[in-house]
Amino acid sequence: MANVVIVGMQLGDEGKGKIVDLLCPAFDVVVRYQGGHNAGHTVRFRDQHCSLHLIPSGILHAGMLCVLGNGMVVAPDALLGELARLYEAGVRFDGRLFLSNRAHVLLPCHAELDKAREESQGAGKIGTTSRGIGPAYESKVSRFGLRMVDLFAPDLEERLRLLLSRIQHELTHLKGEPLASPAAYADQCREWAERLKPSLRDTEQLLNTWIREGKDILFEGAQGALLDVDHGTYPYVTSSNSTAGGACTGTGVPPTRIHGAIGVLKAYTTRVGGGPFPSELAGSTADFLRSRGNEFGTTTGRPRRCGWFDAVVARYAQLLNGVDSVALTKLDVLDDFDEIPVCVSYKLHGETLRNLPPDRRSLEAAEPVLRTMKGWKCSTVGILDETELPQEARDYVDFIEQEIEAPVSFISTGPRREETIIRENESLVRLTSGRLGRVIEQR
Ligand code: GDP
Ligand code: IMO
Ligand code: MG
């Protein structure tokens with residue numbers, strides 16, 4: 001039996017959706033534990049293509065149980081829209097998709113505040129996805145937020161009045177538009193509540209019951225370690241705990257019932273929105289990576305900032321997540337380079353830093369210390385057998401393993417599920433409860 005967390009080890013968009021989808025045959029349940037529809041997880045297999053924002057990537061596997069955990073902030077309209085799109089695409093989820101009663105409700109007023117704040121900030125803005133994620137988590141922590149179960153409360157309108165007045169207060173200050181009335185919000189919320197009711201459960205009970213029954217759970221992280229509100233490049237972070245620890249608080253599954261973690265690492269680095277990025281590239285090399293890697297946001301369509309692989313970031317992410325195994329994605333995107341620089345440390349005021357500094361100013365001033373790896377200059381697209389990888393590509397993988405001190409168990413050589421090298425090793429066999437054969441078969 002194994003319950004396993006999938007985490008992003010950089011700044012999001014590492015390819016978590018692909019890896020979750022690939023691993024589904026070894027698990028019975030996929031649960032999201034934090035974030036909301038700021039996430040955009042892409043799954044591709046054969047000629048199918050699907051972008052998921054709130055719903056776990058496991059939904060595309062018939063029979064897979066899927067849960068939106070209590071640690072998420074869920075916009076009912078976005079969820080219903082995503083379900084409708086999936087239904088249209090032929091996905092059936094009756095009786096296998098569950099939403100926590102304790103998940104917080106993200107309302108249109110949260111998104112309006114998010115947008116108004118960003119517009120008022122000018123150059124110093126965070127560059128959020130403008131979905132309302134920060135304001136929704138603020139309502140939660142300030143204790144006037146609404147949880148899914150509260151949508152059925154007799155005093156719903158009163159509670160909305162308090163929430164809306166707090167948000168209107170700041171919106172007025174930012175010269176935002178007046179919000180709809182509490183009565184109008186209450187009517188809308190009751191309608192959403194009726195539609196979502198069949199999926200609502202005490203998911204902490206459900207998940208722990210399934211664990212007792214011997215089901216294996218995959219925890220699908222959103223964002224990445226450096227966007228974690230505690231550990232990331234604050235204040236340029238999201239508002240939840242995207243590191244592996246979030247899996248416990250965000251689902252109600254205790255740490256003693258989680259058996260390991262798999263980290264997803266992109267072979268280079270990208271960032272969407274503002275914030276420090278020491279290994280960032282400019283000019284034609286960045287443009288090349290962006291177009292070759294199709295680095296445009298799944299959620300907002302924004303061009304992603306691109307840079308070299310940063311081992312300082314990866315080592316820090318490993319410190320925080322302690323992953324047993326790594327999935328290295330987008331190796332194929334580096335196919336055409338003569339040389340591939342990697343950032344191994346930072347230079348700051350004449351000093352060499354191997355660890356990520358905590359403050360924004362140092363991160364902004366840090367210069368990358370680059371080591372140059374030899375490129376392989378041939379196509380790795382779709383390679384399935386490790387022995388077919390050119391030696392230089394294998395050296396690149398070895399370098400990453402040495403930095404992280406964990407085995408690279410998956411090497412992704414294309415966006416599709418079938419474009420993945422799977423390296424069988426002890427840790428992977430343990431984390432997939434002996435079902436690795438099924439993963440390989442269904443790849
Ligand atoms: P996530 O947010 O971590 O799930 O990642 P996204 O889905 O936002 O972004 C990853 C993008 O890279 C998606 O468009 C994937 O289809 C694509 N992708 C994933 N793995 C690979 C790979 O190995 N090679 C290439 N070329 N694309 C990949
Ligand atoms: P997935 O799960 C990449 C970034 C935003 C912004 C910051 C705060 O697809 O990897 P927010 O809207 O969360 O308040 O924005 O976090 N961000 C992401 N970047 N991938 C994501 O998710 C992201 N979710 C949020 O661009 O810089
Ligand atoms: Mg994404």
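**View 1. Packing partners of helix α7 in the predicted model.** Helix α7 itself spans residues 203-212.

**View 2. Burial along α7.** Why is α7 largely enclosed by the rest of the structure? Seven of its 10 residues are buried, so the remainder of the structure encloses most of the helix. Buried here means under 20% relative accessible area. The buried residues are Thr-203, Glu-204, Leu-206, Leu-207, Asn-208, Trp-210 and Ile-211. An α-helix has 3.6 residues a turn, so residues three or four places apart point the same way.

**View 3. The residue Gly-214, after α7.** Gly-214 follows the helix. Its phi is positive, near 95°.

**View 4. The shell around ligand 2.** How many residues surround ligand 2? The shell holds 20 residues. Asp-13, Lys-16, His-41, Thr-129 and Thr-238 are the closest. By class, the shell divides into seven nonpolar, 10 polar and three charged residues.

**View 5. Polar contacts to oxygen atoms of ligand 2, with Asn-38, Gln-223 and Arg-302.** Asn-38 places a polar side-chain atom 2.9 Å from a ligand 2 oxygen. Gln-223 contributes through its backbone: a polar atom there is 2.9 Å from an oxygen of ligand 2. For Arg-302, a polar side-chain atom lies 3.1 Å from a ligand 2 oxygen. Taken alone, ligand 2 exposes 550 Å², and the protein buries 98% of that.

How values were computed. Residues numbered from 1 in each chain as written. Chains lettered and ligands numbered in written order. Predicted model: local features only at pLDDT ≥ 70, side-chain atom pairs only at ≥ 80, totals over all residues. Heavy atoms only, no water. Buried < 20%, exposed > 50% of the residue type's maximum accessible area, 1.4 Å probe, protein only. Helix = DSSP H or I, 4+ residues; strand = E, 2+ residues; numbered from the N terminus. Contact = heavy atoms within 4.5 Å. Near = heavy atom within 4 Å. Polar contact = N/O pair within 3.5 Å; in protein donor to acceptor, adjacent residues only side chain to side chain. Areas by Shrake-Rupley, 256 points an atom, 1.4 Å probe, with all protein chains shown as cover. Nonpolar A, V, L, I, M, F, W, Y, C, P; charged D, E, K, R; others polar.
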